[in-house]
Amino acid sequence: MKEILDNYETYGPLFLVDKEHYDEFCGLLKKISLKRSEYFLKEGELCEYLGFLKSGLMRTFYNNENGADINFNFHFNHHFFTDYESILKGVKSKMNIKALEDSEILLLHKDDLQKLYQKEAYWQEFGRKMTEVIYLSAKKRIEELLYYSPEKRYSNLLTENPQIFQLVAQKHIASYLGIKPQSLSRIRNRTLKR
């Protein structure tokens, strides 16, 4: 963890941790590497870690009743990810989290997080901020699906993550947008002609 500890300016704000508590937080992190197509979490497993993507690309997806992948989210460099419901309730996950490319991940075990919460009010505030980030991200995702047309969802995704079409297969992007790959092709073609 030496390279992380030496770089508060880069990682401290991303971790939502102030300089005073940074070393303590980093001391609890465990670093792992996943190869492309390896799972961080599979449906039916208990999620025990909060993940922070140091580098790479991940996707969170569900399998519907027909066995098709439904992409819920993509995780790029410097994003937190987890199955928060599994961590909070101690229930088996309904989702899968998988590497789309070789990835380096920093892990915080849920028990270590609970110990931090019990230490001082600062860590309870940290937990609240982290929960807010995860909640707002999920809320935004749900609102996109409920309120916007496929064209608007495509436009928003392109604005927020312009590199996504170079990094993620079209079938995964289509699933994320809630449309078929053919519909995505038509939307892309219409957009390019404007």
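Predicted model: local features only at pLDDT ≥ 70, side-chain atom pairs only at ≥ 80, totals over all residues.
1. A residue counts as exposed when its relative accessible area is over 50%, as buried when that area is under 20%, and as partly exposed in between.

2. The structure holds 11 salt bridges. In one of them Lys119 pairs with Glu24, and the closest N and O atoms of the two are 2.5 Å apart. Because Lys119 belongs to helix H5 (residues 110-119) and Glu24 to helix H3 (residues 19-26), this pair ties together parts that are 95 residues apart in sequence. With a relative accessible area of 54%, Lys119 passes the 50% cut-off and is therefore exposed, whereas Glu24, with 27%, is partly exposed.

3. A salt bridge also joins Glu104 to Lys54, with 3.9 Å between the closest N and O atoms. Glu104 sits in strand S6 (residues 96-109) and Lys54 in strand S3 (residues 49-63), so that this pair ties together parts 50 residues apart in sequence. As for accessibility, Glu104 is partly exposed at 27%, while Lys54 has a relative accessible area of 14% and is buried.

4. Elsewhere, salt bridges that share partners join Lys31, Lys54 and Glu104 into one network, and the bridge of Glu104 with Lys54 is the one described in point 3.

5. Glu144 also lies in helix H6, which spans residues 121-147. Is Glu144 buried or exposed? Its relative accessibility is 11%, and because this is under the 20% cut-off, Glu144 counts as buried. When neighbours within four places in sequence are left aside, the contacts of Glu144 are with Arg153 and Asn156.

6. H6 also packs against another helix, H3, at an angle of about 80 degrees and with 12 Å between the two axes. That angle makes H3 roughly perpendicular to H6. On the H3 side the contact is made by His21, Glu24 and Phe25, and on the H6 side by Tyr122, Trp123 and Phe126. By class, these residues comprise 4 nonpolar, 1 polar and 1 charged.

7. At what angle do helix H7 and helix H10 pack? H7 (residues 150-160) meets H10 (residues 181-193) at about 70 degrees, and their axes are 10 Å apart. H7 is therefore roughly perpendicular to H10, and H7 passes H10 in a right-handed crossing. The residues that make the contact are Pro150, Glu151 and Tyr154 from H7, together with Leu184, Ile187, Arg188, Arg190 and Thr191 from H10. These residues divide into 4 nonpolar, 1 polar and 3 charged.

8. Which residues does Ile179 touch, not counting residues up to four places away in sequence? They are Pro150, Arg153, Ala174, Leu184 and Ile187. Among these, Pro150, Leu184 and Ile187 are also listed in the contact between H7 and H10, and Arg153 is also in contact with Glu144.

9. Finally, H9 itself is mostly covered, 6 of its 8 residues being buried. The buried residues of H9 are His172, Ile173, Ala174, Ser175, Tyr176 and Leu177, and Ala174 is one of the residues touched by Ile179. After H9 comes Gly178, whose phi is positive, near 80 degrees.

Conventions:
Residues numbered from 1 in each chain as written. Heavy atoms only, no water. Helix = DSSP H or I, 4+ residues; strand = E, 2+ residues; numbered from the N terminus. Buried < 20%, exposed > 50% of the residue type's maximum accessible area, 1.4 Å probe, protein only. Contact = heavy atoms within 4.5 Å. Salt bridge = Lys/Arg side-chain N within 4 Å of Asp/Glu carboxyl O. Axes fitted to C-alpha atoms, helices over the stretch in contact; angles between N-to-C directions. Parallel < 35°, antiparallel > 145°, perpendicular 65-115°, else oblique. Left-handed = near helix turned anticlockwise from the far one by under 90°. Nonpolar A, V, L, I, M, F, W, Y, C, P; charged D, E, K, R; others polar.
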